[in-house]
Amino acid sequence: MQRQKKVYFDVIFWNYTKELGGKVNSDSPDGDLNTNILKAAMLRAYNTRNGSNALSFGDIVEPKISP
């Protein structure tokens, strides 16, 4: 089994807010999280942290396997 590589939440959040121009309302009752931007922020953080060149969100996450 391959060991999971870490990515820090604050780096993901920084990438996400940078993409949104610094305008994030964490108290939004609508839950207006843009999942496409979040996935891109996670991918960017992963590549930067691990010196890798993953091309998609699917490259950095493991699928959930049902029991």
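Visitor: Which residue forms a salt bridge with Glu19?

Guide: This is a predicted model, in which local features need pLDDT of at least 70, side-chain atom pairs count only at pLDDT 80 or more, and totals for chains, interfaces and linings use all residues. Residues are numbered from 1 along each chain as its sequence is written, and side-chain values use heavy atoms, with hydrogens and water left out. A salt bridge is defined as a side-chain nitrogen of Lys or Arg within 4 Å of a carboxyl oxygen of Asp or Glu. With the closest N and O atoms 3.9 Å apart, the partner of Glu19 is Arg44.

Visitor: How many residues apart are Arg44 and Glu19?

Guide: Helices (H or I, at least four residues) and strands (E, at least two) are DSSP runs, numbered from the N terminus. Arg44 belongs to helix 2 (residues 35–50) and Glu19 to helix 1 (residues 9–19). The pair thus links distant parts of the chain, with a separation of 25 residues.

Visitor: Are Arg44 and Glu19 buried, partly exposed or exposed?

Guide: Buried means under 20% relative accessible area, exposed over 50%, and partly exposed in between (1.4 Å probe, protein chains only). Arg44 has 36% relative accessibility, and Glu19 has 49%. Both values fall in the intermediate class, so Arg44 and Glu19 count as partly exposed.

Visitor: How are helix 1 and helix 2 oriented: parallel, antiparallel, perpendicular or oblique?

Guide: Axes are lines fitted to C-alpha atoms, for helices over the stretch in contact, and angles run from 0 to 180 degrees between N-to-C directions. The axes of helix 1 and helix 2 come within 8 Å and cross at roughly 130°. Angles under 35 degrees count as roughly parallel, over 145 as roughly antiparallel, 65 to 115 as roughly perpendicular and the rest as oblique. Helix 1 is therefore, relative to helix 2, oblique.

Visitor: How many nonpolar residues has the contact of helix 1 with helix 2?

Guide: Contact means heavy atoms within 4.5 Å. On the helix 1 side the residues are Val11, Ile12, Asn15, Tyr16 and Glu19, which meet Ile37, Leu38, Ala41, Met42, Arg44 and Ala45 of helix 2. By class (Ala, Val, Leu, Ile, Met, Phe, Trp, Tyr, Cys and Pro count as nonpolar, Asp, Glu, Lys and Arg as charged, and the others, Gly among them, as polar), the contact has 1 polar and 2 charged residues, while the nonpolar ones number 8.

Visitor: Which residues does Ala41 touch, not counting residues up to four places away in sequence?

Guide: Ala41 is placed in helix 2 and counts as buried because its relative accessible area is 1%. Its C-alpha lies 8.4 Å from that of Val11, a residue 30 positions away in sequence. Outside its sequence neighbours, Ala41 touches Ile12, Asn15 and Tyr16.

Visitor: Which residues of helix 1 are buried?

Guide: Asn15 lies in helix 1 and counts as buried because its relative accessible area is 7%. Beyond four places in sequence, Asn15 touches Ala41, Arg44 and Ala45. The buried residues of helix 1 pack against helix 2; they are Ile12, Asn15, Tyr16 and Thr17.

Visitor: What percentage of the residues in the protein is buried?

Guide: The secondary structure comes to 2 helices and 0 strands. One of the buried residues is Asn47, with a relative accessible area of 16%. Of the 67 residues in the protein, the buried share is 19%.
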